[in-house]
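Student: Hi! I have a new structure open and could use a guide. Can we walk through it together?

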Amino acid sequence: MAYSSISKPSLHFNTKLFTGTGSTNAQTGVGFQPDMVWFKNRSEPYSHQLYDVVRGVTKRILPDLTTAEETDANGLTAFGTDGFTVGSNVGVNKSSNNICSWNWKAGNSQGSSNTDGTINTTYTSVNTAAGFSISTFTGNGTNGATIGHGLGVVPQTVWIKRLSNVDGLIAYHASYGNNASVKMDREGASEGNFWNSTTPTSSVVTVTNSTENNTSGQTYVMYAFAEKKGYSKFGKYIGNGNANGTLIYTGFKPAFIMIKNISAGSTNWQMYDNKRDGFNPQNDLFRANLDSAEAAVDPIDILSNGFKIRHTASSLNTSGNTYIYWTFAAEPLVANVGASIPATAV
């Protein structure tokens with residue numbers, strides 16, 4: 001049985017749903033000051049939008065596109081102690097539209113420079129308890145350069161996005177290895193080796209000199225995630241091609257699940273959470289690589305100890321294909337601190 005030192009995961013990750021107003025809209029109830037907020041309009045096809053405390057308010061990247069970082073005075077305009085404020089941007093606050101926000105806690109400030117690597121970060125904001133850090137840095141164009149992440153343990157997944165030009169967000173995942181990556185704006189499997197065939201260490205991430213991760217003089221943002229037992233899990237599973245699909249054990253009740261097929265191209269990124277639907281099968285789906293509105297397709301079950309695939313879609317469950325996933329907890333299966341209340345299925 002899994003145990004966790006994090007008795008209340010919702011103090012580090014939480015999904016917040018709200019209705020757009022078309023004007024200044026302050027949202028509370030996240031449960032903490034969010035340092036990274038990922039928005040998606042549920043009602044209409046607008047791009048995903050990602051903001052963080054290190055780059056600062058109004059600075060957005062669009063994970064489903066290859067566009068450079070943009071400044072939008074009407075996007076996320078403030079991080080609050082229990083939420084955030086958004087302006088009139090239609091992707092995050094169109095009047096009467098349903099909006100989803102996924103919220104992560106880092107260090108609750110922009111942070112300071114990390115000097116552990118051969119490239120000093122400009123800023124690094126770290127939440128070591130939950131295994132999450134946000135950094136910005138300027139590339140030096142050196143193959144094999146290293147960047148400090150500040151976690152103190154080895155990250156299992158790393159996302160990097162070039163801010164100053166048109167490149168998609170690249171993702172390292174330990175289950176895929178250090179010779180391959182996926183790009184969040186694409187349907188493809190491997191998009192190349194951006195990690196110099198080197199696994200991250202407890203202090204640094206190694207990069208090549210590609211435009212996507214380390215061109216001299218270009219600016220980048222890096223998100224690093226370490227696994228925390230009972231709170232986060234970044235693993236893989238093999239599809240069985242059956243509607244009674246694979247059961248993936250995480251050791252907690254998931255609050256957020258993202259899945260990518262790494263065996264086949266032309267497969268979408270699947271995104272689920274425990275708030276938008278609220279009962280099994282969970283089939284309120286977003287696709288990270290598309291701007292499409294929420295769709296009731298490709299169901300899964302969210303359970304007290306993991307999740308179970310309930311569809312044969314190629315993006316979820318082709319027989320023999322390998323899938324990588326990212327999950328964060330709603331509740332630990334059993335907590336060894338606090339109330340120690342067992343998790344239940346949705």
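Tutor: Happy to! This is a predicted model. Let's start with strand E14 (residues 157-162) and strand E15 (residues 170-173), which pair in the antiparallel sense over four bridges.

Student: Which residue in E15 does Val158 stand opposite?

Tutor: Val158 stands opposite Tyr172 in E15.

Student: And what order do the strands have in the open sheet that holds E14 and E15?

Tutor: The sheet has six strands, in the order E11-E12-E18-E14-E15-E16, and the pairing is antiparallel. Strand E11 (123-127) and strand E16 (182-183) stand at the edges with a single partner strand each, so one side of each has no neighbour in the sheet.

Student: What share of the residues is buried?

Tutor: Buried residues make up 57% of the 346 in the chain. As for the surface, the chain exposes about 11500 Å², with carbon and sulfur atoms supplying 47% of that.

Student: What about contacts between residues 24 or more positions apart?

Tutor: Those account for 65% of the contacts in the chain with a separation of 6 or more.

Student: Now the inside. Which residues touch the most other members of the largest nonpolar core?

Tutor: That core has 53 residues, and Phe39, Trp104, Trp159 and Tyr223 touch the most other members. A second, separate core of 17 residues includes Leu151, Val158, Val205 and Val207.

Student: What does Trp159 touch?

Tutor: Setting aside residues up to four places away in sequence, Trp159 touches several residues, including Met36, Trp38, Leu169, Ile170, Tyr223 and Trp326.

Student: Is His48 buried or exposed?

Tutor: His48 counts as buried, because its relative accessibility is 0%.

Student: Which residues is His48 in contact with?

Tutor: Leaving aside neighbours within four places in sequence, the contacts of His48 include Trp38, Phe39, Ile61, Pro63, Asp64, Met271, Phe286 and Arg287. His48 and Leu65 are 17 residues apart in sequence, and their C-alpha atoms are 8.7 Å apart in space.

Student: Which strands does E24 pair with?

Tutor: Strand E23 (residues 270-273) pairs with E24 in the antiparallel sense over two bridges. E24 also pairs with strand E25 (residues 295-303), in the antiparallel sense over three bridges. In E25, Ile300 is the bridge partner of Gln282.

Student: One last thing: what order do the three strands E3, E8 and E9 have in their open sheet?

Tutor: The order is E3-E9-E8, with antiparallel pairing. Strand E3 (25-28) and strand E8 (76-80) stand at the edges with a single partner strand each, so one side of each is left without a neighbour in the sheet. Neighbouring strands of this sheet are turned by 15° against each other on average, direction ignored. E3 and strand E9 (residues 83-86) pair over four bridges, and Phe84 in E9 is the bridge partner of Gln27.

How values were computed
Residues are numbered from 1 along each chain as its sequence is written. This is a predicted model: local features need pLDDT of at least 70, side-chain atom pairs count only at pLDDT 80 or more; totals for chains, interfaces and linings use all residues. Side-chain values use heavy atoms; hydrogens and water are left out. Two strands pair if DSSP finds at least two bridges between them. Axes are lines fitted to C-alpha atoms, for helices over the stretch in contact, and angles run from 0 to 180 degrees between N-to-C directions. Buried means under 20% relative accessible area, exposed over 50%, partly exposed in between (1.4 Å probe, protein chains only). Contact means heavy atoms within 4.5 Å. Accessible areas come from the Shrake-Rupley method with a 1.4 Å probe; for residues, only the protein chains shown count as cover. A nonpolar core is a set of buried Ala, Val, Leu, Ile, Met, Phe, Trp, Tyr and Cys residues joined through side-chain atoms within 4.5 Å.
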